Amino acid sequence: MRAARLIKMVLLLQSRPSMTAAELASELEVSERTVTRDAQALSEAGVPVYADRGRIGGYRLVGGYRTRLTGLARGEAEALFLSGVPGALREMGLEDTASAARLKVSAALLPSLRDASRTAAQRFHLDAPNWFREPTTPELLPAVADAVWDDRRITARYRRGEDEVERELEPYGLVLKAGVWYLCARVAERGAFRVYRIDRFTVVEAGGERFDRAADFELPAFWEERAEQFSRSILRAEVVVRLSAEGVRRLPHVVDPPAAREALGRAGEPDGGGWVRVTLPVESEEVAFTQLTALGAEVEVLEPGGLRERFAAEAARLAEVYGRR
């Protein structure tokens with residue numbers, strides 16, 4: 001533990017002209033007294049750490065000293081490619097690894113480029129979860145992430161409805177979608193690929209056996225295909241509606257965008273009043289009522305009759321509410 005901290009301290013000093021004891025203590029998550037002891041230990045080991053006294057003093061490396069401890073380990077290199085998603089790194093337990101990788105890169109850069117990571121962070125930030133949703137980190141995510149990075153088979157139990165099912169899985173990749181973590185894995189005994197929500201896992205145990213990844217597996221392509229299949233699979237009903245020009249414009253913002261594109265692509269020409277008749281795939285009449293209500297008077301439900309009656313009743317209720325003094 002201390003050896004790793006000493007290396008990190010050298011890399012920090014190599015990437016900046018000088019640092020105060022307080023700055024080093026904050027970066028290393030130790031006390032200033034520990035920083036003083038570590039600086040003394042480095043000096044005794046032959047690393048030319050010099051302490052400037054006074055109010056604006058600090059620690060620096062003398063004579064342009066440069067360590068050769070900047071080679072990236074494999075795990076650090078992989079984590080570096082994810083450094084644009086700090087929240088995801090933290091949830092997978094890779095924050096320290098990515099931090100070490102960034103330090104090594106900074107230490108290897110020319111002095112004029114060493115603030116690149118800071119300037120980039122000031123200009124771009126990824127916030128993955130949806131609005132109005134409190135993101136939660138699945139308790140078993142770090143264990144699953146370890147298995148994914150190590151190509152190690154896992155035995156997992158997960159909730160499926162009211163039951164729990166156990167499977168032996170080959171974990172291929174993780175996907176963070178709108179704040180929810182998913183595992184793309186191959187079921188060992190079947191050879192078929194499946195997608196699992198990690199917050200539904202109740203037990204994850206990594207075995208000693210590694211698996212050979214399929215050479216033609218591409219995580220982005222696999223996820224795109226499954227996401228499209230999922231979007232279509234939940235659209236089990238249809239409703240027939242009339243949309244105004246404004247309703248046509250707003251439809252993709254209130255229903256599933258692929259469903260809106262499909263429906264509008266099959267629609268006929270507008271009538272004399274500019275209204276278009278559309279057959280819209282929906283998850284259910286209940287979901288359709290919730291979604292289409294957002295269009296207000298820009299939509300008229302024609303079929304099924306029960307849904308039309310529900311909209312008529314809702315319109316009557318609104319008229320009563322807004323007609324009161």
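Which residue lies over the face of Phe289, and at what distance from the ring centre? Arg310 does, at 4.0 Å from the ring centre of Phe289; a charge sits over a ring if NZ of Lys or CZ of Arg is within 6 Å of the ring centre and within 35 degrees of the ring normal.

The model is predicted: local features need pLDDT of at least 70, side-chain atom pairs count only at pLDDT 80 or more, and totals for chains, interfaces and linings use all residues. Residues are numbered from 1 along each chain as its sequence is written, and side-chain values use heavy atoms, with hydrogens and water left out.

Of the 325 residues in the chain, 32% are buried (under 20% relative accessible area, 1.4 Å probe, protein chains only).

Rings of Phe, Tyr and Trp (its six-membered ring) pair if their centres lie within 6.5 Å; planes under 30 degrees apart count as stacked, over 60 as edge-to-face and the rest as tilted. The chain has eleven aromatic pairs by this rule, including the two below.

| Pair | Centre distance | Plane angle | Class |
|---|---|---|---|
| Tyr172 and Phe217 | 4.7 Å | 65° | edge-to-face |
| Tyr182 and Trp223 | 5.3 Å | 45° | tilted |

Tyr172 in strand E4 and Phe217 in the loop between strand E7 and helix H9 are 45 residues apart, and both are buried. Tyr182 belongs to strand E5 and Trp223 to helix H9, so their pair ties together parts 41 residues apart in sequence; both residues are buried. Helices (H or I, at least four residues) and strands (E, at least two) are DSSP runs, numbered from the N terminus. One aromatic cluster consists of Tyr172, Phe193, Phe211, Phe217 and Phe222.

Conventions. Buried < 20%, exposed > 50% of the residue type's maximum accessible area, 1.4 Å probe, protein only.
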